[in-house]
Amino acid sequence: MQVRLQIRRSDPATGETRLQLYQLDHVRPAATLLDCLEEIKEEQDGTLAFRRSCREGICGSCAVRIDGRTALACRTSVAELLAGGRIPLITPIGNLPLIRDLVVEMEPMWQKMRSVQPFLSPTSDSPGEGRETVVSPALLEAVHKEALCINCGACISECDALTVSPEFLGPHALSKAWRLVGDPREPATGRRLQELSREHGIWECTRCYLCNERCPKGVDPRDAIAKLGAEAFAAGVTRDRGARHARWFVTSARTTGWLRESELVVKTLGVAVSVTKIPLALRLFRRGKAPLPLPRHKAKGLEPARALQRIVAGQDRRGARGIVQGERVLARIELVRVPEPPEPEAEDF
Amino acid sequence: MRRVAYYKGCLAGLSARELDSSTRALAPKLGLELVELENVTCCGAGDIQTADPDYALHLNARILSEAEQAGLDTILTICNVCTLNLRQAALQLGDAELRARVNENLSRAGARTYSGGVEVTHLLWLIARGEGLSRLKEIAVKKLDGLRVAPFYGCQLLRPSKLMGFEDPDRPTSLETVIEACGGEPVDYPAKTLCCGFPILLAREKTSLAELARPLEQALAAGAEAMVTSCPLCHLSLDAWQRNAERALGRKLGLPVFHLSQLIALAAGVEPAQLQLSRHVVPLGSVLAKLSSPLVEE
Ligand code: SF4
Ligand code: SF4
């Protein structure tokens, strides 16, 4: 099989970037993209720089962008890439500084990972010397997917919030954070949730789902972020604008069935900040686009919607458990910690 | 006439009422009888899925059950976000044990139960292929005169693809197909599958507006005269907040944005008054003038 690849080459010394075309004439049909990169490096051009180690999707070194989409080179069949006679374009992953060719600087990713303290916090009720804390597999279900992460950076490569806001913690660090918050041995979940609710944390995720789409291990980082949000609610950590926004949807569903759209701005931003949105409101009002809060746009048959919220609040699927049950599509998993319902922070309506 | 359960979601009953009215005006032409679901609520919008995910699942189960009880096997949505949330719930409720638990709660709450099997689809999916597309081609008699239209997909009709699965999430073609069928010329630009910023528009305005500015700028640079989107939430960002994006960018944009139903209805010769185009914040005057037919309202 003949394979042609276009690879973006860049030289940090000169700052020059160009596309280079490589051709391999005798490639096995079952070859991966990584096999091809290695052959190019060994047989044709020793200056081509890329990372690789395990060759089997475990080390997380070889993520690149292939025609724009991030994937592991070692898990990409090159025959499939060539379908339709295309010449695939191979470029480095995004949202990290470039070092050379297909190699990027991973340090910003590690920094964010360190900032979420990716280890269990010390606790006073640790088992004594020579003993261990036994955790049943069922208790680890809530963090099973997140534990599969191989730190490849595919999720941050295209994360839309990160692209426009480089300080955003991002899908990799946040799914690590859930790995800890969701661990039954972790004592400091409240403090962690407070920290994760800061400006560039949980609530800056824009739900583009590019991380879920790209992750080669099925971690589904966006879902991990939703679990953090849900657990923040269960723990009463709901002061952030993002949390207030989310809470208003719950209040709306319970009280009128549909979103109480006209009040959303005030409920999210508070009265003081909302004043700055008056020009926008007037613009919408002039177009008939600002629905008035009264009379309320109410759904029919509202009582069950109200009752449902009460009913589920009294069951053991609060917080992240409500997500875990669906994601495993298994209602029977034994779920972690059932905290007491928090005191509400503010009157909802 | 194909009977489908019509779930219009929150916004089409509120700030995006023009989407509801144009969809209703369009449906008979497409051979669709819309049976509007009553006794339903918000799908959760991704917000209830975060704040109280178990509640969100139950709300969606109830929407699915209302369709089932009305004897309909398909729910038609006109919103990316509703589509994702309903499909996600429908998939999860395929699990008998989870469904049994949810149904028990639905009964206790006085709602009807759900036995599974309702399909959730978006208007775009119905008309971008097969029979729906043939029908669209038949009804699009008032061609859009080569109007250069930028398709905006946004996120949640494409991703996560394992829940959506209609087309390649990175190289979608459905909106382009529809634009062409309507006699328009699709304009290509990179940000058409990226985020409009809507979910964090209020919570993280700066980040959100930076996202919003990209498709608008790129579409204009690629020569678009208008944009079309399949999602009323994207529409709210792209249209109503466009002025804010302009302020953040420090330059004028002025790109008119159609709802999917409006664009098709225009091509199908639906009475313009039913499309309520005057409700848009960015005026559509330039586009309507170009279409050289007496379409302008008022
Ligand atoms: S869903 Fe959130 S974390 Fe994931 S890529 Fe999008 S913005 Fe980033
Ligand atoms: S979450 Fe997935 S994509 Fe992100 S670093 Fe881990 S394995 Fe890679």
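A residue is taken as buried when its relative accessible area is under 20%, and in this predicted model Glu18(B), at 0% relative accessibility, therefore counts as buried. The side chain of Glu18(B) meets that of Arg279(B) in a salt bridge, with a distance of 2.8 Å from N to O. Because Glu18(B) lies in helix 1 (residues 17-26) of chain B and Arg279(B) in the loop between helix 12 and helix 13 (285-290) of chain B, the pair ties together parts that are 261 residues apart in sequence. Arg279(B) is likewise buried, with a relative accessible area of 8%.

Further salt bridges were identified by the same criterion, and the count over all chains comes to 48. Side chains of opposite charge can pair when their charged atoms come close. In chain B, Arg87(B) forms a salt bridge with Glu119(B), for which the closest N and O atoms are 3.4 Å apart. This pair links distant parts of the chain, since Arg87(B) belongs to helix 4 (residues 80-92) of chain B and Glu119(B) to strand 4 (residues 119-122) of chain B, the two residues being 32 apart. Arg87(B) is buried, at a relative accessible area of 18%, whereas Glu119(B) is partly exposed, at 42%. Salt bridges that share partners also join residues of both chains into one network, made up of Arg65(A), Arg69(A), Glu158(A), Arg214(A), Asp168(B), Asp170(B) and Arg171(B). In chain A, the side chains of Arg28(A) and Asp35(A) meet in a salt bridge of 3.0 Å from N to O, and Asp35(A) counts as buried at 18% relative accessibility.

A parallel sheet was found in chain B, where four strands form an open arrangement in the order 6-5-7-8. Strand 6 and strand 8 (257-259) of chain B stand at the edges with a single partner strand each, so that one side of each is left without a neighbour in the sheet. Strand 5 (residues 148-152) of chain B has four of its five residues buried and is therefore largely enclosed by the rest of the structure. The pairing of strand 5 with strand 6 (residues 185-186) of chain B is parallel and extends over two bridges, with Glu185(B) in strand 6 as the bridge partner of Arg148(B). Strand 7 of chain B is in turn joined to strand 8 of chain B by three bridges, the two strands running parallel, and Met227(B) stands opposite Val257(B) in strand 8.

Helix 12 (residues 260-267) of chain B contains Ala265(B), which counts as buried at 0% relative accessibility. The C-alpha atom of Ala265(B) is separated by 8.0 Å from that of Thr23(B), although the two residues are 242 apart along the chain. When neighbours within four places in sequence are left aside, Ala265(B) is in contact with Leu26(B), Val270(B) and Leu275(B).

Chain A has 15 helices and seven strands, and its C-alpha atoms fill a box of roughly 70 × 70 × 40 Å along the principal axes. Of the 349 residues of chain A, 53% count as buried, and chain A exposes about 15,900 Å², of which carbon and sulfur atoms supply 53%. Among contacts in chain A between residues at least 6 apart in sequence, 65% join residues at least 24 apart.

Helix 12 and helix 13 of chain A each supply at least two residues of a nonpolar patch, a surface area of about 430 Å² made by Val266(A), Val271(A), Val275(A), Ile278(A) and Leu282(A). Leu282(A), placed in helix 13 of chain A, is partly exposed with a relative accessible area of 46%. By contrast, Lys277(A), which is found in the loop between helix 12 (261-274) and helix 13 (278-286) of chain A, is buried with a relative accessible area of 11%. Apart from neighbours within four places in sequence, Lys277(A) is in contact with Val265(A) and Leu269(A) of chain A and with Glu205(B) and Trp241(B) of chain B.

Definitions and conventions. Residues are numbered from 1 along each chain as its sequence is written. Chains are lettered from A and ligands numbered from 1 in the order in which they are written. This is a predicted model: local features need pLDDT of at least 70, side-chain atom pairs count only at pLDDT 80 or more; totals for chains, interfaces and linings use all residues. Side-chain values use heavy atoms; hydrogens and water are left out. Buried means under 20% relative accessible area, exposed over 50%, partly exposed in between (1.4 Å probe, protein chains only). Two strands pair if DSSP finds at least two bridges between them. Contact means heavy atoms within 4.5 Å. Patches are made of residues with over 30% relative accessible area and no salt bridge: like charges are joined within 9 Å, nonpolar side chains (Val, Leu, Ile, Met, Phe, Trp, Tyr) within 5 Å. Accessible areas come from the Shrake-Rupley method with a 1.4 Å probe; for residues, only the protein chains shown count as cover. A salt bridge is a side-chain nitrogen of Lys or Arg within 4 Å of a carboxyl oxygen of Asp or Glu.
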